[in-house]
Amino acid sequence: MEKKSLYNVTNIEKYLRKVDYITRKKGREILTDFNITVPQFTALQILINQGDMTIGELSQKMSLACSTITDLIDRMEKTDLVERKRDEEDKRVVRVEALPKGYTILEEVLKKRIEFLDSKLTSLSYEEKESLDKGLYCLYQAMKDEQTDK
């Protein structure tokens with residue numbers, strides 16, 4: 001009988017999908033603690049990581065209609081997460097910028113997500129964690145060219 005290989009692409013794909021599902025579900029739970037929606041959090045991440053941008057640029061990054069982004073930004077302005085500002089060079093252009101409260105929420109949510117993941121890795125040895133880290137990094141490196149935002 002042939003020895004079963006530990007390397008099984010079907011299993012890797014299945015467990016990546018399951019881990020992604022659990023991580024997203026927990027992430028949504030964490031967001032409710034901060035009274036922020038998934039699209040609002042996504043917009044904050046984009047604005048904080050890539051800098052201020054127009055409604056049109058943000059709608060492209062999020063693959064949502066400009067009208068949807070406008071409504072999203074309206075709600076985020078009311079809770080002091082972002083503000084609209086006139087572009088310094090072209091006053092006709094309005095840019096959306098993350099405010100300090102948005103930065104704080106992003107930092108706190110990411111901290112909670114890391115704490116959740118860390119709590120799930122406690123049974124792994126240092127070597128297992130290091131191996132997982134290296135394996136996921138290699139997989140990311142092999143896949144990153146498939147996405148438009150690296």
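**Exercise 1. How many salt bridges does the count come to?**

Before counting, some ground rules. This is a predicted model, so local features need pLDDT of at least 70 and side-chain atom pairs count only at pLDDT 80 or more, while totals for chains, interfaces and linings use all residues. Residues are numbered from 1 along each chain as its sequence is written, and side-chain values use heavy atoms, with hydrogens and water left out.

Step 1: take the rule, a side-chain nitrogen of Lys or Arg within 4 Å of a carboxyl oxygen of Asp or Glu. Step 2: apply it, and you get eleven salt bridges.

**Exercise 2. Find where E13 and R17 lie, and describe their salt bridge.**

Step 1: check the distance; the closest N and O atoms of E13 and R17 are 2.9 Å apart. (Helices, H or I of at least four residues, and strands, E of at least two, are DSSP runs numbered from the N terminus.) Step 3: look at accessibility, where buried means under 20% relative accessible area, exposed over 50% and partly exposed in between, using a 1.4 Å probe and protein chains only. E13 comes out at 41%, partly exposed, and R17 at 47%, also partly exposed.

**Exercise 3. Now do D20 and R24: is R24 buried or exposed?**

Step 1: the salt bridge between D20 and R24 has its closest N and O atoms 3.0 Å apart. Step 2: these two are also four residues apart in helix α1, so about one helical turn separates them. Step 3: D20 is partly exposed at 37%, and R24 is exposed at 52%.

**Exercise 4. Work out which parts the D52–R95 pair ties together.**

Step 1: the side chains of D52 and R95 meet in a salt bridge, 3.4 Å from N to O. Step 2: D52 lies in the loop between α2 (38–50) and β1 (53–54) and R95 in strand β3 (residues 94–98), so the pair ties together parts 43 residues apart in sequence. Step 3: D52 is partly exposed at 35%, whereas R95 is buried at 18%.

**Exercise 5. Which residues of the largest nonpolar core touch the most other members?**

Step 1: define the core as a set of buried Ala, Val, Leu, Ile, Met, Phe, Trp, Tyr and Cys residues joined through side-chain atoms within 4.5 Å. Step 2: among its 24 residues, L44, L58, I73, M76 and V82 touch the most other members. Step 3: the elements giving two or more residues are α1, α2, α3 (55–62), α4 (66–78), β3 and α5 (100–120), and α2 gives the most, six. Step 4: zoom in on L58. Leaving aside neighbours within four places in sequence, L58 is in contact (heavy atoms within 4.5 Å) with A43, I46, L47, M53, I69 and I73.
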